[in-house]
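Please read the points below alongside the sequence and the model.

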Amino acid sequence: MDFEAARIRMVDNQIRTTDVTSHAILRAFLEVPREEFLPASRRPLAYVDDDVPLGDGRYVMEPSPLAKLLQLAAIDKDDVVLDVGCNTGYSSAIISHLAGSVVALEEDAALAAAATDNLARLDYVTCAVVENDLLDGCRAEAPYDVILFQGSVETLPSTFFDQMKAGGRMVVVRGSGNSAEALLYVKDHEGVVSERFAFNCSIKPLPSFRRKAEFVF
């Protein structure tokens, strides 16, 4: 399979057509080999217009919504970014082309090991993989200029607002299915956080952020 040609088609046919106009983001998707972040058996699926399953309810996100969420985040070359649920490291590699440094947060030990290996093997030196409970974020490296999530959430712990830098942004897809919404949170220099709806966005959920079932009498 000609992965380089498939990567170009992905950018031209999947990403450009969804109103992603940032040259830096388009260039990042052209440069990062998505196939290198997938298990060998799933590499033929690397450039399909869909999420790629990794097992246990985890996925490498479909390219077009990932690109739109990155554009919403407006990442700057000096930003420190927390990538929540980085799985095998693909999203963190993309972000590394846009940011100063990336904290790639993953709670699954096997996925964290894969991300560490992938990012080191491909020389993404500005990415650091941290294995920790996703719900806790990563306080050790906080505060962050940008926080992103590699899946939708039903609940959003306050710890993530605490880990935002003054002037920082957080991009979240809240809800499930076609009714889910991409939201942009911005913290001002007095610590007040505002919320803005950006667009509807259907992506796979991050299992850790599902709302716990409540007992009903």
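## Salt bridges and their surroundings

In this predicted model, the side chains of K165 and D145 come together in a salt bridge, with a nitrogen-to-oxygen distance of 3.4 Å. Because K165 belongs to strand 7 (residues 164–174) and D145 to strand 6 (residues 144–149), the pair ties together parts that are 20 residues apart in sequence. Under the rule applied here, the count of salt bridges comes to 11.

**Exposure of the K165 and D145 pair**

- K165 has a relative accessible area of 30% and is therefore partly exposed, since that class covers values between 20% and 50%.
- D145, with a relative accessible area of 12%, is buried, because its value falls under the 20% limit.

**The R58 and E106 pair**

- A salt bridge also joins R58 to E106, and the closest N and O atoms of this pair are 2.7 Å apart.
- This pair links distant parts of the chain, given that R58 lies in strand 2 (residues 58–60) and E106 in strand 4 (residues 101–106), 48 residues apart.
- R58 and E106 are both buried.

- R43 and E36 form a salt bridge through their side chains, at 3.8 Å from N to O.
- R43 counts as partly exposed because its relative accessibility is 27%, and E36 likewise counts as partly exposed, at 22% relative accessibility.
- E36 and R43 also belong, together with D117 and R121, to a network of residues linked by salt bridges.

Technical notes
Residues numbered from 1 in each chain as written. Predicted model: local features only at pLDDT ≥ 70, side-chain atom pairs only at ≥ 80, totals over all residues. Heavy atoms only, no water. Salt bridge = Lys/Arg side-chain N within 4 Å of Asp/Glu carboxyl O. Buried < 20%, exposed > 50% of the residue type's maximum accessible area, 1.4 Å probe, protein only. Helix = DSSP H or I, 4+ residues; strand = E, 2+ residues; numbered from the N terminus.
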